[in-house]
2 protein chains.
Amino acid sequence: MTDNSKGLLVILSGPSGSGKDTVITHALEEMNGVKLSVSLTTRPPRPWEKEGEDYYFCTREQFQDKIAAGDVLEYAEYNGNFYGTPREPVEEWVKAGNTMILNIEVIGAEKVRARCPEAVSVFLVPPSMKVLEERLRARDTGENPEVIAGRLKIAERELGCAGQYDYIICNDDLKEAVKNLKAIIHAEHRRTKRQIGFVREVLKKC
Amino acid sequence: MTDNSKGLLVILSGPSGSGKDTVITHALEEMNGVKLSVSLTTRPPRPWEKEGEDYYFCTREQFQDKIAAGDVLEYAEYNGNFYGTPREPVEEWVKAGNTMILNIEVIGAEKVRARCPEAVSVFLVPPSMKVLEERLRARDTGENPEVIAGRLKIAERELGCAGQYDYIICNDDLKEAVKNLKAIIHAEHRRTKRQIGFVREVLKKC
């Protein structure tokens, strides 16, 4: 992807329980021109899921063709199904000057960063591991303690990757976290590389 | 200045008539922990001016001693008087995790950038040269047309330096411009280099 675009590609990562989904939902509600990337998957659609809204659905073969064609920015396999970020919808939306948010984990983030160096990456952290544990227990849907312990181990590993991101937001207070994500998006749109064309236009008319 | 500080040094430049003072005044009113740097000058104080509020006043000799000691981040001479940015108050305020705004022109900005590479620089541009001209005429206090023409020439030259700044804000709408400056300050505080210490603290307690 080119770097001349006025648009913005935002990678958002954070451990399970950091509140990524909630923060994104609020930011989307409060901002114009900001969309969440819809994933491509080989998992069969559930009856209520809509193509292009919940997921882009495709066969395993189609997914592999897209990977080969460079049309998947990052992907992973869970439970025998592929999940990935399709390049085209992201590129089109960003080229038009808008903001696309990718809600992806640290390995996917690394891949997108390599493919799209102009992407802005944000890591959401919990205020403490204790709070993270409490949040994971509170949303516990009957998992045994080992499952939560396993998630905490993964969270620890993920937090170790925070330094690879451009920004770090602590999600202690939801309102503050949303405000900070919005501020990052607003500020990044004001980056010189995204505004210098406008200054050139002003000067041309001198 | 060290780069480990959580605080922020913001350079704000823009041509005369771009609205720097008004944007700063509003941003200061709406944010905590943000101050405008007070300049050091050899100009004699006017009766209503307060030391440390309007300016830090000193003799020509004291000013030159401070320059020699590296205690002036940037300075210039106008009408036979020195004006500059004293290092110490800026450094102390920023070290404490706060934000200091320097309202300085492009040459001063270049000097501060060289001394403080961690500084974040913002350039304020008018929506067009026509609007800038109208603003300069509106605030005209009886200057002859040549004065305004001269200011426009300087503005043109300054706009040519916008590419050296980190961010560019167009001051078309005052409210939007203030919002953007605030967003940049909020976002820059979330930069990984200013937050990674917090993540390390969270991980230490694992």
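This is a predicted model: local features need pLDDT of at least 70, side-chain atom pairs count only at pLDDT 80 or more; totals for chains, interfaces and linings use all residues.
In chain B, four strands form an open sheet with mixed pairing, in the order β4-β3-β6-β5. Residues are numbered from 1 along each chain as its sequence is written, and chains are lettered from A and ligands numbered from 1 in the order in which they are written.

At the edges of this sheet stand β4 (56–57) and β5 (72–78) of chain B, and each has a single partner strand, so one side of each is left without a neighbour in the sheet. Strand β3 (residues 40–41) of chain B pairs with β4(B) in the parallel sense over two bridges, and B:T41 stands opposite B:F57 in β4(B). Helix α3 (residues 87–95) of chain B packs on the sheet and touches β5 and β6 (81–86) of chain B, its direction making about 20 degrees with that of β6(B); contact means that the C-beta atoms of two residues, placed from the backbone, lie within 7 Å. Helix α4 (residues 106–115) of chain B also packs on the sheet, touching β5 and β6 of chain B, and its direction makes about 165 degrees with that of β5(B). Axes are lines fitted to C-alpha atoms, for helices over the stretch in contact, and angles run from 0 to 180 degrees between N-to-C directions.

In chain A, strands β5 (residues 72–78) and β6 (residues 81–86) run antiparallel and are joined by six bridges. A:Y78 stands opposite A:N81 in β6(A), and the two strands form a hairpin with two residues between them, where A:N79 in the turn has a positive phi of about 45 degrees.

A further open sheet of chain B has five strands in the order β2-β7-β1-β8-β9, with parallel pairing. Its edge strands, β2 (34–36) and β9 of chain B, each pair on one side only, and the twist averages 25 degrees from one strand to the next. Within this sheet, β1 (residues 8–13) and β8 (residues 120–125) of chain B pair in the parallel sense over four bridges, and the bridge partner of B:I11 in β8(B) is B:S121. Helix α8 (residues 192–204) of chain A packs on this sheet of chain B, touching β8 and β9 of chain B, with its direction at about 50 degrees to that of β9(B).

| Helix pair | Angle between axes | Distance between axes | Crossing |
|---|---|---|---|
| α7(A) and α7(B) | about 115 degrees | 8 Å | left-handed |
| α5(B) and α6(B) | roughly 140 degrees | within 10 Å | right-handed |

A crossing is left-handed if the near helix is turned anticlockwise from the far one by less than a right angle, and right-handed if clockwise. Between the chains, A:N180, A:A183, A:I184, A:H186 and A:A187 in α7(A) meet B:N180, B:A183, B:I184, B:H186 and B:A187 in α7(B). This contact has six nonpolar, four polar and no charged residues, where Ala, Val, Leu, Ile, Met, Phe, Trp, Tyr, Cys and Pro count as nonpolar, Asp, Glu, Lys and Arg as charged, and the others, Gly among them, as polar. Within chain B, the residues B:M129, B:L132, B:E133, B:L136 and B:R137 in α5(B) meet B:I148, B:R151, B:L152 and B:A155 in α6(B), and they divide into six nonpolar, no polar and three charged.

Chain B can be laid on chain A with an RMSD of 0.0 Å by a turn of 180 degrees and a shift of 0.0 Å along the axis, which is the relation of a two-fold axis. Copies are superposed by least squares on the C-alpha atoms of residues with pLDDT of at least 70 in both. The C-alpha of B:A183 is the one nearest the axis in chain B, 2.2 Å from it. Both copies use the same surface, since 100% of the contact residues of chain B recur in chain A.

The contact takes 30 residues from each of the chains, B and A. On the side of chain B that touches chain A, the elements giving two or more residues are α6 (145–159), β9 (167–170), α7 and α8 (192–204) of chain B, and α8(B) provides the largest share, seven residues. By class, the residues of that side are 18 nonpolar, seven polar and five charged.

Note on methods: Two strands pair if DSSP finds at least two bridges between them.
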